[in-house]
Amino acid sequence: MSWLWVIVVGLVLGLIAKAIIPGKQNIPLWLTILCGILGSVLGNAVAGWLGVAHTKGVDWTRHVLQLVGAIIVVALVAKLWQAIRGDRGTTGTRERI
């Protein structure tokens with residue numbers, strides 16, 4: 001059950017991050033989930049370093065740091081994905097010479 005929870009949290013964080021970042025991120029859903037998971041791990045690490053990983057009640061600071069981590073990871077991976085994949089498949093037609 002814990003792996004399913006990790007995937008769901010990764011999906012939610014990844015989709016929120018894609019919605020916040022300006023422009024379109026042409027990364028597949030599986031990569032969005034992976035970026036959300038990595039952002040969550042990054043946010044948890046920063047929360048631990050700041051000493052706010054575990055507080056009474058809802059850990060809002062940790063959750064915000066997880067979202068910030070997901071935004072950073074999605075932005076970087078989207079740029080990298082675009083650089084690797086290029087513009088293939090975006091128009092469906094070739095330019096004529």
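Does Ser40 count as buried or exposed, and at what relative accessibility? The points below begin with the basis of the model and return to this residue in point 5.

1. Basis of the model. The model is predicted: local features require a pLDDT of at least 70, side-chain atom pairs count only at pLDDT 80 or more, and totals for chains, interfaces and linings use all residues. Residues are numbered from 1 along each chain as its sequence is written, and side-chain values use heavy atoms, with hydrogens and water left out.

2. Overall architecture. The protein has 3 helices and 0 strands, and its pattern along the sequence reads α-α-α. Helices (H or I, at least four residues) and strands (E, at least two) are DSSP runs, numbered from the N terminus. Of the 97 residues, 27% count as buried; buried means under 20% relative accessible area, exposed over 50%, and partly exposed in between, with a 1.4 Å probe and protein chains only. Among contacts with a separation of 6 or more, 64% join residues 24 or more positions apart, where contact means heavy atoms within 4.5 Å. The protein exposes about 7,200 Å², and carbon and sulfur atoms supply 69% of that area. Accessible areas come from the Shrake-Rupley method with a 1.4 Å probe; for residues, only the protein chains shown count as cover.

3. Packing of α1 against α2. The axes of helix α1 (residues 2–20) and α2 come within 7 Å and cross at roughly 100°. The two helices are therefore roughly perpendicular to each other. On the α1 side the contact is made by Val6, Ile7, Val9, Gly10, Leu11, Leu13, Gly14, Leu15 and Lys18, and on the α2 side by Leu29, Thr32, Ile33, Gly36, Ile37 and Ser40. By class, this contact has 9 nonpolar, 5 polar and 1 charged residues. Axes are lines fitted to C-alpha atoms, for helices over the stretch in contact, and angles run from 0 to 180 degrees between N-to-C directions. Angles under 35 degrees count as roughly parallel, over 145 as roughly antiparallel, 65 to 115 as roughly perpendicular and the rest as oblique. In the classes, Ala, Val, Leu, Ile, Met, Phe, Trp, Tyr, Cys and Pro count as nonpolar, Asp, Glu, Lys and Arg as charged, and the others, Gly among them, as polar.

4. Helix α2. The 22 residues of α2 should span 32 Å at 1.5 Å a residue, and its end C-alpha atoms are 31 Å apart, which agrees; the expected span is 1.5 Å times one less than the number of residues. Its buried residues are Leu31, Thr32, Ile33, Cys35, Gly36, Gly39, Ser40, Gly43 and Ala47. The cover over these buried residues includes α1 and α3. Just after α2, Gly51 takes a positive phi of about 80°.

5. Ser40 is found in helix α2 and, at 11% relative accessibility, counts as buried. Leaving aside residues up to four places away in sequence, Ser40 touches Val9, Leu13 and Gln66. Leu38 is also found in helix α2 (residues 29–50), but is partly exposed, with a relative accessible area of 46%. Leu38 and Gln66 are 28 residues apart in sequence and 9.0 Å apart in space, C-alpha to C-alpha.

6. Helix α3. The 26 residues of helix α3 (residues 60–85) should span 38 Å at 1.5 Å a residue, and its end C-alpha atoms are 36 Å apart, which agrees. Buried in α3 are Arg62, Leu65, Gln66, Gly69, Ala70, Val73, Val74 and Ala78, and the buried residues of this helix pack against α1 and α2. Gln82 also has its place in helix α3 and, at 31% relative accessibility, counts as partly exposed. The C-alpha atoms of Gln82 and Gln25, 57 residues apart along the chain, are separated by 8.5 Å. Gly86 follows α3 and has a positive phi, near 70°.

7. Ile16 and Ala19 of α1. Ile16 lies in helix α1 and is partly exposed, with a relative accessible area of 36%. Ala19 has its place in helix α1 and, at 65% relative accessibility, counts as exposed. Ile71 lies 55 residues from Ile16 in sequence, with 8.2 Å between their C-alpha atoms. Ala19 and Ile71 are 52 residues apart along the chain, and their C-alpha atoms are separated by 9.4 Å.
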